[in-house]
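Keep the sequence and the structure in view as you read.

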Amino acid sequence: MVIKCLQCGNNDIRTAVINSMGGQGPDLLPGTGFFTHAKFEIGVCSICGYVHWFVRQEDIEKVKNSKKFKNKYDIYK
Ligand SMILES: [Zn+2]
């Protein structure tokens, strides 16, 4: 998570962990498990509202191991 807002430099970032799928919504982190699906951590700047959007640190390996996510160099082959 960022320490300062990337837009305005404010250091009051409000964070929350949110699901990457659910209900009728799209699966934004496909292939990262069903019951143990990877989650996002978002941080909203309390001044300008800029949203910093990350995969939760402990879920990055799930994304790396997902067959749905390819290395950027493999996409253009
Ligand atoms: Zn800001």
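This is a predicted model: local features need pLDDT of at least 70, side-chain atom pairs count only at pLDDT 80 or more; totals for chains, interfaces and linings use all residues.

Three strands form an open sheet in the order 1-2-3, with antiparallel pairing. Strand 1 and strand 3 stand at the edges, each with a single partner strand, so one side of each has no neighbour in the sheet. Neighbouring strands of this sheet are turned by 20 degrees against each other on average, direction ignored; the axes here are lines fitted to C-alpha atoms (for helices over the stretch in contact), and angles run from 0 to 180 degrees between N-to-C directions.

Residues are numbered from 1 along each chain as its sequence is written.

**How the strands pair**

- Helices (H or I, at least four residues) and strands (E, at least two) are DSSP runs, numbered from the N terminus, and two strands pair if DSSP finds at least two bridges between them.
- Strand 1 (residues 13–19) and strand 2 (residues 39–45) run antiparallel and are joined by seven bridges.
- Which residue of strand 2 is the bridge partner of Ile13? The partner is Cys45, while Ile18 has Phe40 as its bridge partner in strand 2.
- Five bridges join strand 2 to strand 3 (residues 51–55), and these two strands also run antiparallel.
- In strand 3, Val55 is the bridge partner of Phe40, and Trp53 is the bridge partner of Ile42.
- Phe40 therefore links both ways, with Ile18 as a partner and Val55 in strand 3 as another, given that bridges are what DSSP uses to pair strands.
- Strand 2 and strand 3 form a hairpin with five residues between them, and Gly49 in the turn has a positive phi of about 85 degrees.

**The whole protein**

- The protein has two helices and three strands, and along the sequence they follow the pattern β-β-β-α-α.
- The radius of gyration is 15 Å, well over the 11 Å that the globule rule gives for 77 residues, so the protein is more spread out than a compact globule. This radius is taken over C-alpha atoms, and the globule rule is 2.2 Å times the number of residues to the power 0.38.
- Along its principal axes the C-alpha trace spans about 40 × 35 × 20 Å.
- Buried residues make up 9% of the 77 residues. A residue is buried if 20 or more other C-beta atoms (placed from the backbone) lie within 10 Å of its own, exposed if 12 or fewer, and partly exposed in between.
- Among contacts with a separation of 6 or more, 55% are between residues 24 or more positions apart. Two residues are in contact if their C-beta atoms, placed from the backbone, lie within 7 Å.

- Ala16 lies in strand 1. Is Ala16 buried or exposed? Ala16 is exposed, because 9 other C-beta atoms lie within 10 Å.
- The C-alpha atoms of Ala16 and Glu41 are separated by 5.7 Å, although the two residues are 25 residues apart along the chain.
- Phe69 is found in the loop between helix 1 (60–65) and helix 2 (72–75), and is partly exposed with 15 other C-beta atoms within 10 Å.
- Leaving out residues up to four places away in sequence, Phe69 touches Gly31 and Val63. The C-alpha atoms of Phe69 and Gly31, 38 residues apart along the chain, are separated by 8.1 Å.
- Asn10 lies in the segment before strand 1 and is partly exposed, with 13 other C-beta atoms within 10 Å.
- Not counting residues up to four places away in sequence, Asn10 touches Lys4, Cys5, Cys45, Ser46, Ile47 and Cys48.
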